[in-house]
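Student: Can we go through this one together? I'd like to start with the strands and then move on to loops and helices.

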Amino acid sequence: MTSDKNLSVWIVDDHQLFRVGFRTLLNRIKGVKVTFEADNGKAFIDQLKNEHPNIVFLDIAMPEVNGIAATQQAMRIFPKINIIVLSMFGDKEYYDKLVDLGIKGFLLKSCDFQEVVRAIEAVSTGDFYFSKELLDQLAIEAQNNKEETSFSDREREILVKICEGKSNQEIGDELFISKRTVEKHRANLMVKTGCSNTASLVVYAVKTGMYKV
């Protein structure tokens, strides 16, 4: 981390041993400080009414209020909240729903800790992050899917660059078109795919085989 001020990070997970170990590792990252923990979604939402963290690591399966319901409520309280979902391979049925709600990333609980660091760096700078293992999993499933939506060559080109994490300005510069033109194409892609944000577009592109991870 390069910021002089610590990022406030919360852990919301119902497994105490996981929280303790994860907190210890996170607090070793320069510029990161775990400032709150909860073992259920309700406690997380109650605390969010009082203060807003920089990043929340959120489990899906929890008592009282699960990860999906907690995300829905959190977005109403603090629409700019940065949530990274802690996922298991069996949670893939929830990916689309959570992405549509506006979460900023997915990490497998079994991932290497360096991937956690990369996720924090990405999300804290306004980007999003998906575990490569999860994207690989979606790509395998894409082999059985057929793309039915019709896209122009330019839209396909821009979609790939969006998946590469390029900004509208960067895409425009690379393709020698204006930023406004890129914005129009991006809007068209959102309409055609039914996606509500950039993260949704990336998942769509991977699942349909339009972007190779």
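Tutor: What follows is a short walk through a predicted model.

Student: Start with strand S5. Are its faces covered or open?

Tutor: Both faces of S5, residues 105–108, are covered. Gly105 and Leu107 are buried on one side, and Phe106 and Leu108 are buried on the other.

Student: How many bridges join strand S4 to S5, and which way do they run?

Tutor: Four bridges join S4, residues 83–87, to S5, and the two strands run parallel. As one of the pairings, Ile84 has Gly105 of S5 as its bridge partner. Gly105 is also one of the buried residues of S5.

Student: And what about S5 and strand S6?

Tutor: S5 pairs with S6, residues 129–130, in the parallel sense over two bridges. Phe106 has its bridge partner in S6, namely Phe130.

Student: Which helix does the chain go through from S5 to S6, and what is the hand of that crossover?

Tutor: The chain passes through helix H5, residues 113–124, and the β-α-β crossover is left-handed.

Student: Where does Glu64 lie, and is Glu64 buried or exposed?

Tutor: Glu64 lies in the loop between strand S3 (55–59) and helix H3 (67–77). Its relative accessibility is 63%, so Glu64 counts as exposed, the cut-off for exposed being over 50%.

Student: What about phi of Phe176?

Tutor: Phe176 has a phi near 60 degrees, again a positive value in a residue other than glycine. Phe176 is found in the loop between helix H8 (168–175) and helix H9 (179–193).

Student: Is Phe176 buried or exposed?

Tutor: Phe176 is exposed, with a relative accessible area of 76%.

Student: Last topic, helix packing. At what angle do helix H7 and helix H10 pack?

Tutor: H7, residues 153–163, and H10, residues 198–207, pack at an angle of about 110 degrees, and their axes are 9 Å apart.

Student: Why are they called roughly perpendicular?

Tutor: Angles of 65 to 115 degrees count as roughly perpendicular. The angle here is about 110 degrees, and H7 and H10 are therefore roughly perpendicular to each other.

Student: What is the hand of the crossing, and which residues make the contact?

Tutor: The crossing of H7 and H10 is left-handed. On the H7 side the contact is made by Leu159, Ile162 and Cys163, and on the H10 side by Thr198, Leu201, Val202 and Ala205.

Key: Residues numbered from 1 in each chain as written. Predicted model: local features only at pLDDT ≥ 70, side-chain atom pairs only at ≥ 80, totals over all residues. Heavy atoms only, no water. Buried < 20%, exposed > 50% of the residue type's maximum accessible area, 1.4 Å probe, protein only. Pairing = 2+ DSSP bridges. Right-handed = clockwise from strand over helix to strand, strands pointing away. Axes fitted to C-alpha atoms, helices over the stretch in contact; angles between N-to-C directions. Parallel < 35°, antiparallel > 145°, perpendicular 65-115°, else oblique. Left-handed = near helix turned anticlockwise from the far one by under 90°. Contact = heavy atoms within 4.5 Å.
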